[in-house]
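Have the sequence and the 3D view open side by side. The walk below goes helix first, then sheets, then cores.

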Amino acid sequence: MLSNKTIVLGVTGGIAAYKAAELASQLTQAGAAVSVIMTREAVQFVSPVTFRALTGRPVVTEMFDLASEFSIEHVSLARAADVVVVAPATANIIAKLAAGMADDMLCCTVLATKAPVVIAPAMETNMYENQVTQDNLSELKSRDFVVIGPAAGWLASGREGLGRLADVSDILGSIRRVLGRDGDLAGKHIVVTAGGTREPVDPVRYISNRSSGKMGYALAEAARDRGAKVSLITAPVCLNAPVGAEVIRVGTALEMRQAVENLAPRTDALVMAAAVADYRPRSAAGQKIKKGDAPLTLELEGIPDILGTVKGEFVKVGFAAESSNVIENATDKLKQKGLDLIVANDITASDSGFGTDTNQVTIIDKDGGVDSLPLLTKHEVAERILDRVAQLLAARES
Ligand code: C5P
C-alpha cells in the first residue's frame with residue numbers, strides 16, 4: 001500500500017532524529033517516494049546526507065535553497081504529498097504547528113498541505129507533560145492530525161518516562177492506517193481472532209498448540225489498512241499489536257468465546273484465524289501438580305465451537321488446518337459451522353501453516369466455489385481473504 005505513495009517526512013531537532021533514518025529507509029523499501037524536510041536543528045543531530053542516501057531523493061533543509069527543486073515553489077511538496085509525517089516532532093514544532101506558523105520549510109509544508117498529517121512526538125517527559133504541550137497536541141488532534149506515541153522508556157536525559165519516539169513499526173502502522181482510511185472496508189467493523197488458546201492444567205502448565213498468530217495479525221493489519229475498525233481478539237503470541245486496532249487479550253477458549261460474543265452485536269465480519277483448543281482439562285489443579293513415579297492422567301472435556309455457535313448476521317470466515325483430505329474436510333466444516341468462507345490449508349506442507357511467514361491456502365465459499373491460491377506471504381493471503389470479505393459485505397448492502 002506504500003508503493004508509489006509520496007511521503008513527506010519532516011525531521012525535527014531531537015535526539016530521536018537518528019531513528020527517523022530507519023523510518024525513511026523502511027518507507028523507501030516499501031516503495032514510497034520519501035522526501036525529507038529537515039529543520040535547522042535536526043541537521044545538528046543527523047546529516048542530510050544520511051537521508052539523501054537512504055531515500056535517493058533530495059533533502060530540503062533551507063526555505064530559500066535555490067539548488068533545491070522544491071524551494072522555488074515552497075508548496076510543491078505539500079501538494080505532492082499523500083501523507084506528511086513529522087517524526088520526531090519536538091515540543092517546538094508541535095507549538096509552531098498548533099499556532100499555524102510558517103517560518104521554515106516544514107511548517108510551510110504542513111500549513112499548505114491538504115494531505116493527512118501524522119506526528120510522532122518525542123521529548124523529555126516534563127516537556128511532554130507540560131500543559132502547554134498537551135494543549136497544543138489537543139489542538140492538532142482537533143484539526144485531524146494523527147498523533148502516534150510517545151512511548152515510555154529510557155530517555156536521553158538519563159531518566160525513564162514518557163517521551164520516547166514511538167517504535168518505527170508503530171509509526172509505519174499509523175501511516176498505513178491513515179493512507180487506507182477510505183479503503184473498501186471503511187465503516188466496517190472486522191473482528192479477527194488470532195493465536196493458540198491456552199487451557200490451564202495447573203497454575204504453571206497449560207495445553208496449547210503451535211499457532212504463532214501471524215495469520216491473524218496479518219489479517220488485522222490488512223483490514224485496518226483498508227479502513228476497517230478492527231478488534232483483534234488474541235491469545236498470547238510474540239507479536240506486536242497492530243497500531244490502531246482494538247486489542248483484546250484472552251487466554252482460554254472460553255475467554256475467547258466471551259470476547260467474540262461481546263462484540264457480536266457490533267460485528268460486520270468475524271474472521272476466526274485463532275487455533276482454538278478443542279479440549280481442555282476438566283478441572284485445573286489449584287496447586288502445581290507434583291512430580292511422582294505414577295503415570296499422570298489428565299481428563300479432558302470438549303470445548304464448544306465458537307464460530308459454529310455465535311449468533312449474528314455478520315460474515316463468518318473460518319480456517320481449517322488439515323493434514324489430509326483438505327478440501328473435503330474443510331467443506332464439511334464450512335457447512336457444519338454455517339460459514340460464508342473457509343480458508344483451508346495443508347499443515348503438512350513445508351512453508352505453510354503454523355509459524356511460517358508464508359501460507360498456501362484454498363478459499364472455499366458456501367456456494368461451492370474453490371479458489372486455490374499459490375504460496376503467498378501471510379500478508380498477501382490476508383489481502384486475498386479480505387477481497388472476498390469486502391465483496392460479501394458489498395453484496396449484502398446492494
Ligand atoms: O473444527 P476446527 O477446529 O478444525 O475448526 C477450525 C475453525 O473453527 C477455526 O476458524 C477456529 O478458529 C474455529 N474454532 C472455533 N471454536 C472452537 C474451535 C475452532 O471457533 N472451539
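Which residues of α14 are buried? The list reads K378, V381, A382, I385, L386, R388, V389, A390 and L393. Keep in mind that the model is predicted. Helix α14 covers residues 378-397, 20 residues in total. From its first C-alpha to its last it reaches 28 Å. That is close to the 28 Å expected at 1.5 Å a residue.

Now zoom out to the whole chain. The protein chain has 398 residues, and 48% of them count as buried. It holds 14 helices and 22 strands. Its C-alpha trace spans about 75 × 55 × 40 Å along the principal axes. Take the contacts between residues at least 6 apart in sequence: 66% of these join residues at least 24 apart.

With β18 it pairs in the antiparallel sense over five bridges. Here I364 is the bridge partner of I342. I363 stands opposite D371, and T362 has S372 as its bridge partner. The hairpin of β20 and β21 has four residues between the strands. There, G368 takes a positive phi near 90°.

Why is β20 described as largely enclosed by the rest of the structure? Five of its five residues are buried, so the strand is largely enclosed. Look at the two faces in turn. V361, I363 and D365 lie on one side, and T362 and I364 lie on the other. All of these are buried, and both faces are covered.

Strand β18 (residues 341-346) carries N345. Is the side chain at this position buried or exposed? N345 counts as buried because its relative accessibility is 7%, and the cut-off for buried is under 20%. The side chain of N345 makes a polar contact with the side chain of N359, at 3.0 Å.

Next comes another open sheet, with six strands. Its order is β3-β2-β1-β4-β5-β6, and the pairing is parallel. The edge strands are β3 (59-60) and β6 (146-147), each pairing on one side only. β2 and β3 pair in the parallel sense over two bridges. In that pair, V36 stands opposite V59 in β3. Helix α1 lies across β1, β2 and β4. Relative to β1, α1 runs at about 175°.

This brings us to the packing. How many residues does the largest nonpolar core have? It has 34. Those with the most contacts inside it are L9, V11, L23, F51, V85, I171 and I175. The elements that give two or more residues to this core are β1 (6-11), α1 (17-29), β2 (33-38), β4 (83-89), β5 (117-121) and α9 (168-179). α1 gives the most, with six residues.

Pick out I175 and trace what it touches. Leaving out residues up to four places away in sequence, I175 touches L2, I7, L23, L27, V83 and V85. A second core is separate and has 33 residues. It includes A194, V381, V389 and L393. V381, V389 and L393 were also on the list of buried residues in α14.

One last stop is helix α10, residues 214-225, where D225 has its place. D225 is buried, since its relative accessible area is 5%. What does D225 contact, leaving aside its neighbours within four places in sequence? The contacts are M1, R176, R177 and G180.

How values were computed
Residues numbered from 1 in each chain as written. Predicted model: local features only at pLDDT ≥ 70, side-chain atom pairs only at ≥ 80, totals over all residues. Heavy atoms only, no water. Core = buried A, V, L, I, M, F, W, Y, C linked by side-chain atoms within 4.5 Å. Buried < 20%, exposed > 50% of the residue type's maximum accessible area, 1.4 Å probe, protein only. Contact = heavy atoms within 4.5 Å. Pairing = 2+ DSSP bridges. Expected span 1.5 Å × (residues − 1). Polar contact = N/O pair within 3.5 Å; in protein donor to acceptor, adjacent residues only side chain to side chain. Axes fitted to C-alpha atoms, helices over the stretch in contact; angles between N-to-C directions.
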